[in-house]
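Here is a short report on one protein model. Keep the sequence and the 3D view at hand while reading.

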Amino acid sequence: MVSVTRAVFGDLPSGAGTVEKFQLQSDLLKVDIISWGCTITALEVKDRQGRASDVVLGFAELEGYLQKQPYFGAVVGRVANRIAKGTFTVDGKEYKLAINNGPNSLHGGVKGFDKVVWTPQVLSNGVQFSRVSPDGEEGYPGELKVWVTYTLDGGELTVNYRAQASRTTPVNLTNHSYFNLAGQGSPNIYDHEVTIEADAFLPVDETLIPTGEVAPVQGTAFDLRRPVELGKHLQDFRIQGFDHNFCLKGSKDKHFCARVCHAGSGRVLEVYTTQPGVQLYTGNFLDGTLKGKSGAVYPKHSGFCLETQSWPDAVNQPNFPSVLLRPGEEYDHTTWFKFSVA
């Protein structure tokens, strides 16, 4: 059984509207999601002793989400990840986007899908959010109708993304939750054991744009096909962290993507998806300046993201799987976050 409750989370400044919170609860999980950016603000999971902890980074109040912050828990779009130099061409026409990450456009631009109020509809086992992204929003072509649906079943949270376009446009939607399976506010994720089911990854340039090469993981720091303990792995390979797309083997059907285990608590997160890629991000840009829930601060490497996605900058890379959505087609992708105890 899943219960769904609805409450006011906060009011936007200068009468711009009310943000609501939806709490989805099963016998194994409790998830809070707000209508601002379809954002997961809390996710409580039991450890092997049966004690529940909140395992996502974020804020207790709306004000936290309205400040400059790194997309905690939000749905990002119209195009997640980076587009080189904020430009792309569709059907012979060049489009220019806002540059908001070095020389590139990141996560939909200055006011992406994470910074708007969505329209909610309560379901028996979850909540569906919808919005219409107008033609030209953040520089993207065509009107885009979007639906994001969160449903809960036991220990599994499912996120489904659907979209329909009036003109051909790139679309790439994901959820940007930062997890720490020891509990949010724990100082780092070095004791987490990570597995990613990928034979290849995308090397990037100094601005984190893929070079175009699809490189085998074999013999590199990116070979996560067998479990690695994150802290030791970063040390062994002398790398600062991950912010890279891993190329998944799967088809458009549901396929296994990643597993993260935390030995101390026994919590395990498994991710399945219909997407061709996943960005493993280890919170490299977190710097401890943001005050989170229960007085927590979030230093570097205090959370990890598994952003299931199409490949970054795909709209400019003809050898990558296409991210173009044409009129009459439907964008339809699902990701499953399955929590258990080992």
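## Strand β3 and its two neighbours

Gln23 has Asp32, a residue of β3, as its bridge partner. Strands here are DSSP runs of E with at least two residues, numbered from the N terminus; helices are runs of H or I with at least four. The model is predicted: local features need pLDDT of at least 70, side-chain atom pairs count only at pLDDT 80 or more, and totals for chains, interfaces and linings use all residues. Residues are numbered from 1 along each chain as its sequence is written, and side-chain values use heavy atoms, with hydrogens and water left out.

Strand β2 covers residues 18-25 and pairs with β3 in the antiparallel sense, over five bridges. Two strands count as paired if DSSP finds at least two bridges between them. A hairpin of three residues joins β2 to β3. On its other pairing, β3 meets strand β4 (residues 39-46), again antiparallel, over six bridges. Leu29 stands opposite Val45 in β4. The hairpin of β3 and β4 has four residues between the strands, and Gly37 there takes a positive phi near 70 degrees.

How many of the six residues of β3 are buried? Five are, so strand β3 (residues 29-34) is mostly covered. Buried means under 20% relative accessible area, exposed means over 50%, and partly exposed lies in between (1.4 Å probe, protein chains only).

## Cysteines

The structure holds zero disulfides, a disulfide being a pair of cysteine sulfur atoms within 2.5 Å. Cys38 is in none; the nearest cysteine sulfur belongs to Cys305, 17 Å away. Cys38 counts as buried because its relative accessibility is 0%. Cys261 is in no disulfide either. The nearest cysteine sulfur to Cys261 is that of Cys257, at 14 Å.

Strands of a sheet pair through backbone hydrogen bonds, either parallel or antiparallel.

Tyr272 has Trp336 in β27 as its bridge partner.

## Two pockets

A pocket is found on a 1 Å grid over the protein atoms alone: it is an open set of points with protein on both sides within 12 Å along at least five of seven lines. A lining residue has an atom within 4 Å of a point. Grid points are joined across faces, edges and corners, and a volume is the space filled by probe spheres set on the points. The largest pocket holds about 680 Å³ of space. It is lined by 30 residues, and Lys68, Gln69, Pro70, Tyr71 and Leu106 are the closest to its centre. The lining divides into twelve nonpolar, eleven polar and seven charged residues. Ala, Val, Leu, Ile, Met, Phe, Trp, Tyr, Cys and Pro count as nonpolar, Asp, Glu, Lys and Arg as charged, and the others, Gly among them, as polar.

The second largest pocket holds about 340 Å³. Of its 18 lining residues, Lys252, Ser310, Ser322, Tyr331 and His333 lie nearest its centre. β27 gives the most to this lining, with three residues.

## Cavities and a recorded site

A cavity is a set of points on that grid where a 1.4 Å probe fits but cannot get out. The structure holds four cavities of 30 Å³ or more.

An unreviewed UniProt entry lists Asn81, Arg82, His176, Ser177, Tyr178 and Asp243 under "binding site". From this set, Arg82 is in the lining of the largest cavity. UniProt positions follow the numbering used here, feature names are shortened, and annotations may be inferred rather than shown by experiment. Asn81 lies in the loop between β6 (75-76) and β7 (82-83). Is Asn81 buried or exposed? Asn81 counts as buried, because its relative accessibility is 2%. Asn81 and Asp243 are also among the residues that line the second largest cavity.
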